[in-house]
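Biologist: Walk me through this one, please. I want to know how each feature should be read.

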Amino acid sequence: SACSSRSLLSQMHPMWQEPLAVPGGDRQSPIDIAVPKSVFDPQLKPLVTRYDPRTCQQIWNNGYSFLVEYDDTTDKSTLYGGPLEDQFRLCQFHFHWGENNGWGSEHTVDRLLYSAELHLVHWNSDKYTLFEEAVMENNGLAVIAVFLKVGKRHEGLQKLVDALPAVRHKDSVVEFTKFDPACLLPENMDDYWTYSGSLTTPPLTEAVTWIIMKQPIEVSHDQLAVFRSLLFTSAEEDVQKSMVNNFRVQQPLRGRTVRSSFS
Ligand SMILES: NS(=O)(=O)c1ccc(NC(=O)CN2C(=O)C=CC2=O)cc1
Ligand SMILES: [Zn+2]
């Protein structure tokens, strides 16, 4: 099954040494979304995203992924509604992908692996003043996850793809402006799953309300191939390692319920 290939993979490409124990450790991410076990919640509200492309600032290769970073010093790019009680500010988005189109997503749907997964990272600006504060708090963060499947070329993504060669190495940064992340959202914004989880890279804090969109977006094979041309390693290192398989192994559900906004 895909699960076994993933565990095989993690032996082949340990993304990073997984810490043995994580604080609490009973709400870790990512997970498989077992659709038959998810619970329809009619009280879940529509998601409201208001993103201002003028808050887009730069792309940064942080050695795990590439982050498109937004100015989060004001409430110009926000998310509220859905399972959320407060308003959240967009601070960055990034992706996780595989070495081929057969796998790459962090979450799976009834064990189905997607080729990549987009994460739009927001923090609770009603309760906290900085991301660094919210990242340590229960439900301080909200991450929208969108699955990527290989198909037709994504016109909106191309501007980002064209900028990636400028951040090939770890720690490189390039100015990147006027990008509207709404172009990466699926048409159907009504159907999503939601559960309480964690960051999937260090510090792995259990601060995240996950909102996983049911409808994937399509990107072309060639666009994903450019993601794989990035490097985990900095320009100084003599062994260059291509940035692929930057997803975390799946974590136990520990009795959590995944709710759906649709029946
Ligand atoms: N993959 S995920 O769960 O969406 C995930 C999302 C976010 C982070 N970490 C950060 O954002 C780290 N970070 C800070 O603490 C301040 C700026 C910054 O980038 C890690 C993982
Ligand atoms: Zn992520």
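Modeller: Start with contacts. A polar contact is a pair of N or O atoms within 3.5 Å; within protein, one must be able to donate a hydrogen and the other to accept it, and residues adjacent in sequence count only if both atoms are side-chain atoms. A polar side-chain atom of His119 lies 3.4 Å from an oxygen atom of ligand 1. For Gln92, the distance from a polar side-chain atom to a ligand 1 oxygen atom is 3.2 Å. Thr200 places a polar side-chain atom 2.8 Å from a nitrogen atom of ligand 1. Alone, ligand 1 exposes 480 Å², and the protein buries 81% of that (Shrake-Rupley areas, 1.4 Å probe; for residues, only the protein chains shown count as cover).

Biologist: What ground rules apply?

Modeller: The model is predicted, so local features need pLDDT of at least 70 and side-chain atom pairs pLDDT 80 or more, while totals for chains, interfaces and linings use all residues. Residues are numbered from 1 along each chain as written, chains are lettered from A and ligands numbered from 1 in written order, and side-chain values use heavy atoms, without hydrogens or water.

Biologist: How many residues surround ligand 1?

Modeller: There are 13, and the closest are Gln92, Phe131, Glu132, Thr200 and Thr201. Near means a heavy atom within 4 Å. β7 gives the largest share of this shell, three residues. Elements are DSSP runs numbered from the N terminus: helices (H or I, at least four residues) and strands (E, at least two).

Biologist: How is empty space found?

Modeller: Rolling a probe the size of a water molecule over the atoms shows where empty space is left. On a 1 Å grid over the protein atoms alone, a cavity is a set of points where a 1.4 Å probe fits but cannot get out; a pocket is an open set with protein on both sides within 12 Å along at least five of seven lines, and lining residues have an atom within 4 Å of a point. Here ligand 1 takes the space of the largest pocket (more than half of its atoms lie within 2 Å of the grid points). The lining has 31 residues, with Leu67, Cys91, Gln92, Val121 and Phe131 nearest the centre. Its largest share, four residues, comes from β7.

Biologist: And the backbone?

Modeller: Most residues other than glycine have a negative phi, and most peptide bonds are trans. Asp110 has a positive phi of about 50°. Ser29 and Pro30 are joined by a cis peptide bond, with omega about 5°. Another cis bond joins Pro202 and Pro203, with omega about 15°.
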